[in-house]
Amino acid sequence: MQSLAMIENWPVPTAAAAVVTSDGTLLGTHGPTAHRFPLASVTKPLAAYAALVAYEEGAVELDEPAGPEGSTVRHLLAHTSGLAFDEHRVTAPPGTRRLYSNAGFEVLGDHIAKATEIPFPEYVRQAVLDPLGMTSTTLEGSPAKDGVSTVDDLVRFAAEVQAPRLLDPRTVLEAQTVVHPGLKGVLPGYGHQNPNDWGLGFEIRDSKSPHWTGLSSSPTTFGHFGQSGTFLWIDPAAGAACVALTDRAFGPWAAEVWTPFTDAVLAELGASR
């Protein structure tokens, strides 16, 4: 795909990108796709997928208590537990506000580790990474932000989410469906959004503006971006997913280049149909 070459003009030391369709076809790559990049918050979808495996295995229930009083596994996955961004401090009653929370994902990891009697990084490896052949991906530390991976590995994950083998497709559909519709909140780096819609570990585009995906991205687009200059989006309307990893911290540069890049990718996908 010619559009992927746009990453050569990004103001970053290193970048790699790829597009994979819903049937698992790799449409194109650009850059060092085997290079390991810190994922920052693109770690969260991997952690969420492992949590959903734990749910399907019967180790946890989505609506069992977890985190602050009144909070559940579902609240933690959907950033509605009331926990603060990076502190284990309650700032709102569960289910009333969309408070993006690294702390919430750390509590989630601890909860699943206790339920499965397996350290959460090891559970992620056994439940998601190994079955998908993601041999270059590691999670050592916070399930909110400490993953390291490659474009090659995340393409495998993006293909899985589009055509699930590890999970029942109905579970994955629930993960990309809004939990607690209508809640306001701040999308880090993009300001207040009303509503600020999320599923189970995945952010949902809907009508958010500004946003890190494209102006032409469908409202059903879901995924995540990271403060290390990384993103993964899946656009069901386009029948494809895109991964882009860099080694420069998120900032105004990303807001400037990511949207036209995604629009170019979607235009090329549309033209190829």
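I take buried to mean under 20% relative accessible area, exposed to mean over 50%, and partly exposed to mean in between, with a 1.4 Å probe and protein chains only. By that rule Glu174, at 30% relative accessibility, counts as partly exposed.

I note that this is a predicted model, in which local features need pLDDT of at least 70 and side-chain atom pairs count only at pLDDT 80 or more, while totals for chains, interfaces and linings use all residues. Residues are numbered from 1 along each chain as its sequence is written, and side-chain values use heavy atoms, with hydrogens and water left out.

I looked up salt bridges (a side-chain nitrogen of Lys or Arg within 4 Å of a carboxyl oxygen of Asp or Glu), and the search of the whole structure gave nine.

I began with Arg74 and Glu174, whose side chains form a salt bridge at 2.7 Å, N to O. Arg74 sits in helix α2 (residues 73-77) and Glu174 in helix α6 (residues 169-175), so I find distant parts of the chain linked, 100 residues apart; helices here are DSSP runs (H or I, at least four residues) and strands are E runs of at least two, numbered from the N terminus. Arg74 is buried, at 18% relative accessible area.I then turned to Glu122 and Arg125, which form a salt bridge with the closest N and O atoms 2.5 Å apart. Both lie in helix α4 (residues 120-132), and being three residues apart they are separated by about one helical turn. Glu122 is partly exposed at 27%, and Arg125 is partly exposed at 34%.
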